[in-house]
Amino acid sequence: MARNGLRRFVILAAAVTLVAGAAAVTTAAPEPAVAAAVELTPPAPTGSHPVGVTEVHFVDAGRVDPWAGGDRELMVQIWYPAEDSGSSEPAAWMPAGGREAQRDYLDGLGVPARSWRFGPSHSYPNRPARQGIGRFPVLLNSPGMTDTTGWSTAQAEDLASHGYVVVAMNHTHEAFAVHFPDGRVERTVVPLDSPPEVLSDVLLPNRVADTRFVLAELADAAAGGSTAAALPAELAANLDLTRVGMFGHSLGGSTTVQALHDEPGIRAGVNLDGPVLGSVADEGTDKPLLMLAGGRSPWYGQPGWEPFWSNNIGVKLPIGIAGTEHMSFCDQQVILPVLAAAGLLGAEAAGDAVGDIDARRSVDLQRTYLRTFFDTVFAREGGDILRAITLLAQPEVVPHG
């Protein structure tokens with residue numbers, strides 16, 4: 001498969017496609033010096049709480065890593081409402097592996113390597129969790145195929161600023177690059193030409209197992225177990241594991257839907273332009289599920305996306321956002337239009353990835369729908385999910401069916 005970008009559609013049965021990433025880091029040819037590199041900065045969160053961020057190393061002792069053998073190890077990135085105190089500088093936008101993946105992706109699109117640079121995020125590393133506002137609902141996050149945590153920072157920071165804890169999982173040996181505290185860097189070993197059954201029979205169940213394990217580690221932390229010590233001050237005690245949701249992009253959306261089916265502790269999910277794979281495609285779920293699709297999504301008409309999902313008894317809301325494309329549902333919606341406006345990326349290449357919708361509008365719509373859905377599910381604002389989503393009634397958002 002040609003390597004001119006991190007994401008590629010992988011052909012599945014019945015013409016279903018998934019977006020895939022590059023298999024290895026490559027070194028771009030040296031670029032001429034650029035006088036003023038474009039600084040890339042995520043949009044500011046809209047909530048009232050400062051945002052903290054941390055990375056945690058979890059080891060699932062006894063579960064064999066399907067790609068490398070030995071115990072399964074994960075790096076997890078967590079955003080949360082934080083205290084105001086402290087003079088620390090904001091964290092970098094994306095952890096090291098995410099920045100590697102971003103550089104490789106833009107190299108593949110032909111963006112000169114020295115023409116841009118990362119600015120800071122809006123999150124502060126390891127600040128104490130905010131006190132006096134009650135316990136926080138927890139939202140698990142699964143990135144797209146070969147993507148890393150940090151590629152959905154705009155969504156995660158906004159949710160944290162509104163009182164959520166967002167827990168994003170690097171799926172080791174599938175994610176582009178994962179940096180561990182001891183200096184190891186584990187890179188993707190998933191071949192881009194893997195047959196379709198690898199996605200449904202290997203990647204999906206492994207991702208769901210990662211999700212189950214991380215949820216168990218959070219439960220241990222909330223109960224005052226040893227995992228609590230790995231989290232910033234006061235965070236473990238303020239996790240509300242009676243209110244757990246999940247969201248993900250692309251294969252992360254697929255993971256969300258299957259985990260919703262498999263895990264009793266996950267109460268609701270949002271699938272951001274991913275196909276419905278695994279047993280849930282036939283069996284459905286009895287839990288609330290919001291599905292946001294790109295304007296030209298290939299998933300419509302496929303199992304799980306059709307208006308009347310066989311055997312599904314939960315509230316399902318499949319809607320599309322006009323003017324978006326598949327990569328609109330992660331931080332590329334923020335990054336690519338800036339580079340295109342600066343003349344560093346062709347308008348056609350940017351449009352193919354993130355569509356022609358205004359980037360600020362796209363980000364605002366995604367943030368609003370994510371927050372409204374979870375606020376309603378967790379009874380922060382009423383309880384009628386269908387009514388709450390319907391009342392948003394934005395002109396770009398079109399119900400499926």
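A cavity here is a set of grid points where a 1.4 Å probe fits but cannot get out, and its volume is the space filled by probe spheres set on those points. Please keep in mind that the model is predicted.

Q: What volume does the largest cavity have?
A: Its lining includes Ala-154, Phe-329 and Val-363. The space these and the other lining residues surround comes to about 50 Å³.

Q: Which helices each supply at least two residues of the lining of the largest cavity?
A: Ala-154 and Gln-155 are among the lining residues, and helix 2 spans 153–161. Val-363 and Gln-366 also line this cavity, and helix 8 spans 359–377. The two contributors are therefore helix 2 and helix 8.

Q: How many charged residues are in the lining of the largest cavity?
A: The lining divides into 4 nonpolar and 4 polar residues, plus a charged part. Asp-331 belongs to this lining, and Asp counts as charged. The charged count is 1.

Q: How many charged residues does the lining of the second largest cavity have?
A: This cavity, of about 40 Å³, is lined by residues including Trp-79, Asn-141 and Thr-148. Its lining has 5 nonpolar and 5 polar residues, and the number of charged ones is none.

Methods
Residues are numbered from 1 along each chain as its sequence is written. This is a predicted model: local features need pLDDT of at least 70, side-chain atom pairs count only at pLDDT 80 or more; totals for chains, interfaces and linings use all residues. Side-chain values use heavy atoms; hydrogens and water are left out. On a 1 Å grid over the protein atoms alone, a cavity is a set of points where a 1.4 Å probe fits but cannot get out, and a pocket is an open set with protein on both sides within 12 Å along at least five of seven lines; lining residues have an atom within 4 Å of a point. Helices (H or I, at least four residues) and strands (E, at least two) are DSSP runs, numbered from the N terminus.
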